[in-house]
Amino acid sequence: MRQPKIVIVGAGLVGGSAALFSSAAMPSAEIVIVDIQRVRADAQALDLAHATAFWGHERVRAGDFDQANGADIVVVTAGVGVKPGQTRLDLAQTNARILLDIVDRIAPLAPDAVYIVASNPCDALAAVACRHLAIARERVISTGTSLDTARLRTLLSERLGVVAPAIHAYVLGEHGESAFVHWSGASVAGMPLEQFLSRAGKELGPASRSLVLHSVHDAAKLIKEGKSATHYGIASAIARICQAIVHDSNLILSVGVVQPEVEGVPDVCVSLPMLVNAAGAQLLVYPQLDASEREAMRNSARIVKDATDGILTAT
């Protein structure tokens, strides 16, 4: 894409941070921030203009829905946040109504756009949007477990004493409590995880792996307890997905699109290692899972499918 146009709907902490990371990652991109409260979008754009002036980027601005005309990428961060005691799936009905209103406004103006859904529950909402838009499934992407995977690699980096980019391990399934680590396919420094552990004299037994997964799940809670919100991590994930689309880079990320079938569950959006490029996201090869991982994936897919069906029934 040449001088791509990215529209970010939702000018809160996630949307504003996504605009900042995206402007840094793609200096040529035009970034339009849209929010139901125009004053908030204006404020974010003004603050970002001051920030990006240091780096020579002058393409972030506030706009209304009609300025989504010709957008290449539409990022949806708008929605109600998770309240204490709620799960991401509890938010499904409210955020689905918000999402469908957004896509109805933008779709006629940007018929070729790729959609990135970050509002929770992102997997079920992406599936609902894909069906509603009736477009190719690779063009509606859930941010899925991209952030969970980043959290996993950060934890493993600290534990194994190697930089995160040397670790290839994914969190798969639902972006939520049923997500699981694909341990059987993990590698470090080009070696299968088990081989690396043996040669490096490191330990990562069942109890340690359970603790790592628990820490991945609890990361958002810990951050919110300290500063009330999480936004940098997911915003960076959004920018990375956008960058892969804009640069047509064939990047592998753990994101979700609706799959015809996952472990016997039909038409469901769960995260798998996906190829992300200008066409959107697509699954090249289904990962090889061991028996316990297949059951975890089946359980995760069922949870997302039930949530998706619940939204579709209500709407």
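At 39% relative accessibility, Ala279 counts as partly exposed; the class lies between buried (under 20% relative accessible area) and exposed (over 50%), with a 1.4 Å probe and protein chains only. The model is a predicted one, in which local features need pLDDT of at least 70 and side-chain atom pairs count only at pLDDT 80 or more, while totals for chains, interfaces and linings use all residues. Residues are numbered from 1 along each chain as its sequence is written, and side-chain values use heavy atoms, with hydrogens and water left out.

Ala279 is located in the loop between β13 (265-277) and β14 (280-282); helices (H or I, at least four residues) and strands (E, at least two) are DSSP runs, numbered from the N terminus. Leaving aside residues up to four places away in sequence, Ala279 touches Val114, Glu138 and Arg139, where contact means heavy atoms within 4.5 Å. Its C-alpha atom is separated by 26 Å from that of Asp64, 215 residues apart along the chain.

**Overall fold**

The protein comprises nine helices and 14 strands. Along the principal axes, the C-alpha atoms fill a box of roughly 55 × 50 × 40 Å. Of the 315 residues, 52% count as buried. Among contacts between residues at least 6 apart in sequence, 70% join residues at least 24 apart.

**Helix α6 and its surroundings**

Within helix α6 (residues 193-200), Leu193, Phe196 and Leu197 are buried. Viewed down the axis of α6, the buried residues fall within an arc of 100°, so they line one face of the helix; the arc is that of the directions from the helix axis to the C-beta atoms. These buried residues pack against α5 (146-160), β10 (187-188), β11 (191-192) and α7 (206-227). Ser198 and Arg199, on the other side of α6, are exposed. The helix is followed by Gly201, whose phi is positive, near 70°.

Ser208 belongs to helix α7 and counts as buried, at 11% relative accessibility. Its contacts, not counting residues up to four places away in sequence, are with Arg159 and Glu203.

**Charges over rings**

| Charged residue | Ring | Distance from ring centre |
|---|---|---|
| Arg153 | Tyr170 | 4.8 Å |
| Arg209 | Trp183 | 5.0 Å |

**Backbone features in loops**

A cis peptide bond, with omega about -5°, joins Asn120 and Pro121. Pro121 is placed in the loop between β5 (114-117) and α4 (122-133).

Ala134, in the loop between α4 and β6 (140-142), has a phi near 55°, a positive value in a residue other than glycine. Ala134 is exposed, with a relative accessible area of 66%. Glu263 likewise has a positive phi, near 50°, and is found in the loop between β12 (251-262) and β13. With 9% relative accessibility, Glu263 counts as buried.

Note on methods
Lys NZ or Arg CZ within 6 Å of the ring centre and 35° of its normal.
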